[in-house]
Structures are given as structure tokens and as C-alpha cells.
Amino acid sequence: MNRRTWIKLGGMGVTSFLLPTQSVDFLFSKKTIPTKLSAQAFGKDFLWGAACAAYQVEGAWNKDGKGPSIWDEFTHKKNKIHKGENGDVATEFYKNYKADIALLKEMNFGVFRFSISWSRIFPSGTGKINQKGVEFYHKVIDECINNDIEPWITLYHWDLPQALQQEGGWANRKIISWFNEYVAFCTKTFGSKVKNWMVMNEPAAFVGLGYMLGYHAPGIKNPFKFLKATHHVCIAMADGGRIIRQNVADANVGSTFSCSHIEPYTDDPILSYKDVAAAKRMDALLNRLYIEPSLGMGYPIDSLPALKRIERYYEPGDEERLKFNFDFIGLQNYFRVVARKSMFVPFLKAKQISAEERNVPMNEMKFEVYPEGIYKVIKQFSKYDIKNIIITENGVCYEDVLLGNRIHDSKRIEFFETYLEQVLKAKNEGAPVNGYFVWSLTDNFEWSEGYEPRFGLIHVDFRTQKRTIKDSGYWFKDFLRIE
Ligand code: BGC
């Protein structure tokens, strides 16, 4: 099995690509927008944004007093990242933020989602503040505001300060108070200008890949640490929500979750009931584990008994402390999961039948392209008592071909058209979905996959840092045009 098939909780079965043939003769034209799909159909208050994350774009990994993060440490080790790449330079957003925000505005987006690098603010994770880091985020926020772009901040998009990892990271319960200190500082410092906050990005991904599969930083493969980290993350997420609400007047508080529509593999009529149970376990692990505690439902132990051990890490009061009534939930969707029972996969006893094996359309990371999946996850999450759903990430990586100064990424345009149709369908059926953020604003550092997968609406030449808006970016510009 090559490393690409292990991407994204791969060992638990969630995978990822193909090198699709790009149609290079595609010429961007208004005609590509189906007549029934218009931004107006989503309503005038629907939010349209694009997203990025600190480690994937900022670069400047050791500049102006920034401390190292677990991703600096991990990418500097051998054989962890495709082609040995790292985020030392990335897209140099640290230098280029003004130009990137200008491009976001040019494409008519009204919202910019970015994350704060914890170790740029607290180089050692707690205690001493790095004023230069604070100034940088003030500048980014001000640039957004001066351009009428609403800043949406993620507090934790995976780049834990390395100093805290040395103390055990998310597996050490003390992290809850370290995280609270960081959240309190950021919200007190930026809260008068920023109202929209996401506590964490995709806990299922960073805890699963970081503590169970070891495929992401900090590279740990230990089911007990996975469970401990899960419990601490869930408490920190709820505590973080409370701190934001306390410090920021009129705050809009959320957190983001990776979610996939999960189906049993049903080719075998006699044994398919085993796959139904496997899909249920997979759903508990990938979709339900991190959101249900905040909703007061506890961990989904009934559906995935291997989670039972998490109760050992409870301290008095935790049950209440896990609950937090978020103003919105960020849903992030990239693929469908088709599950089969497998006794060879520890803990989960289930595996994914990859998109490649099923011979279905895929993106470059071998994630299945399955537009109905986003409709189905919105419907699944709408069954919870959730006030507001924002699609905080959705997007696709295809190999892009730069022709002169154009990138005719027709397959990416088709991706957005078909996914957005499904979002609209769910909305029209009453789902409380009120925003859609593209992943990603620019091409960037795609974690273990390095710089090869390109998710951006804006192409980045990583040698020169030249930005070029792709046809998909022009498609959005046209789609979001205010007449
Ligand atoms: C993450 C992003 C990542 C994207 C594409 C999401 O899970 O939040 O950081 O780049 O998926 O893999």
C-alpha cells in the first residue's frame, strides 16, 4: 500500500487520487453556470468565503520570535512528508497576506477563514507572549476589515507548540488549561474586531492521524493516547467555546468537524449485515465522536464499544464540562466512505473500500468525488439540535496546467457546481445551512502530501510565489457578482 492510500485516516479506511485528464481547451464562460444555480438562490444572508490554515500558508516558520510547532518538528524529520517537503516557506502568506486578501476580494468573497498559529503568539505554548506575532494577526484582521471582508478565525488548525508536545501534547490533561490560556489571550486581544470564531479544526482528523495512525504530527500510534487526547480535545473545545463567549461581545462561536457520508459495502447479500455494523462503527468514529459530547450526548460508545475505555479518563464534572451550545457547526466534506467489516483493523474492525477499488470518480488524492455526499451529511447533521450549519471547507485537488497565465480547471468548476447544487437542495428542504467556504484560497502545503495536491482557487508557483487566479476563481467571481 503506498503512502497516498493512507492519507486521511487511511489506516482506518478513509482514503484519498488519480491524475485526471484536465481539459486544457476549456474557456471560462458564463454559460457554465447552470441556470438554476445562482448565488441569489441561497439567499442574501448566505455567507461565501474561502479558507486557509496557518501552517499551510504562512511560512516564516522561525521568523520574528515564532516558536516551533509540532508540524515544524514533524516535517523536518526524514520520510514523513511526500518528497521531504515542509511548510518552512509555504505560500509566504506572512509576507503576502495583503495580496492574497486583495485576490479574495477580487473574486467577490465576503468572508476569509484563517487560523492563528499558537506558537507565533506563545512561542513556548504558555507564558511569554511574542508581540510580533500578535502584530501580524492584527495586520491580517485589519486588512480584512479595511476591504470589507469578514475575518473568521480558527484557533487551532493542528499546529500545536512543540514545547507542549514535549509535555505530552493533547494526551496530557494539563493541555486544557494551556489551551484556555491561549484562547483567553486571543479573544481578549482580537475580540473587539473579530466576532466569528472556530475553536478547533476537524478533531477527528488531527487526533486520529496524529495519535492513532501516526501519519500526521506528532506521529504517535497509540490507541490509549488517542482516547486520552480525544477526551482532552473535547473538553478543551467546550471550554474554548465558553471563553470566547465570555470575552467577545456578540460572538458567533463554532468549531469545525470533518464529516463523510458513510455506506456499507453491500455486494454480498448474505454478509452485508456485517458491513452495516462496520459502517455504523465508522460513523461513530469519524462523524459522531467529537460533536456528540458537546451536544450533551456523550461519546457514541454504544455504536463503537472500543471507545468504552475513554471513561477511565473522566474526572468529576467532566460530563457537564463536555457540553457547549455552539452557535454554529462547521461541516467539512471531502469524500464518501464505503465500509466493510475487517477483523484485521484494530479498534474499529472495519475498513474502507477505496474509491480506486470501486472505480468511481476521484480527485488527485484519490478522494471520491461524490456530490450527493455533501447533501447527505448536511441532512445527517440537521437531525441534531444545531442552530446553524456552515460548510467551512469543501474543495478539490486536481492537477493544474498553467497555460500562459490561465489555468483552465474545468473539472474543479464542475466540482463546485455539482456540490453547490446539493447544498442548495438541502437548504431548500429546510436544513439550517447558511454559508459555504471554499478550500482553499490558494494552493498550499497539503500536510503529509506536500505541495503536489493543489486545492486553490488561486494557483501558486512555489518557486516564484506568483499567484494566478484559476478559471474556478473567475467562476466564483462571476457567480458572486453583485448586480
Ligand atoms: C483540512 C485542511 C486540508 C484539507 C484537504 C481538511 O481536512 O482541514 O487543512 O488541507 O482537508 O485535505
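Strand E1 (residues 47–51) and strand E2 pair in the parallel sense over three bridges. Strands here are DSSP runs of E with at least two residues, helices are runs of H or I with at least four, and both are numbered from the N terminus. Two strands pair if DSSP finds at least two bridges between them. The model is predicted: local features need pLDDT of at least 70, side-chain atom pairs count only at pLDDT 80 or more, and totals for chains, interfaces and linings use all residues. Residues are numbered from 1 along each chain as its sequence is written, and side-chain values use heavy atoms, with hydrogens and water left out.

Gly 49 has Val 111 of E2 as its bridge partner. E2 also runs parallel to E3, to which five bridges join it. Here Phe 114 stands opposite Ile 153 of E3. E2 (residues 111–115) is mostly covered, with five of its five residues buried. Buried means under 20% relative accessible area, exposed means over 50%, and partly exposed lies in between (1.4 Å probe, protein chains only). In a regular strand, side chains alternate between the two faces of the sheet. From E2, Val 111, Arg 113 and Ser 115 point one way, while Phe 112 and Phe 114 point the other way.

Helices H5 (residues 131–146) and H7 (residues 175–190) pack at an angle of about 50°, with their axes 11 Å apart. They are therefore oblique to each other. Angles under 35 degrees count as roughly parallel, over 145 as roughly antiparallel, 65 to 115 as roughly perpendicular, and the rest as oblique. H5 contributes Val 134, Tyr 137, His 138 and Ile 141 to the contact, and H7 contributes Phe 185, Thr 189 and Phe 190. Contact means heavy atoms within 4.5 Å.

Most residues other than glycine have a negative phi, and most peptide bonds are trans. Asp 148 is not a glycine, yet has a positive phi of about 60°. Asp 148 sits in the loop between H5 and strand E3 (150–156). Its relative accessibility is 66%, so Asp 148 counts as exposed. Asn 359, also not a glycine, has a positive phi of about 60°. Asn 359 lies in the loop between helix H12 (355–358) and helix H13 (372–382). At 70% relative accessibility, Asn 359 counts as exposed.

A cis peptide bond joins Ala 217 and Pro 218, with omega about 5°. Pro 218 lies in the loop between helix H8 (203–212) and helix H9 (223–247). The bond from Trp 439 to Ser 440 is cis, with omega near 15°.

Conventions
Axes are lines fitted to C-alpha atoms, for helices over the stretch in contact, and angles run from 0 to 180 degrees between N-to-C directions.
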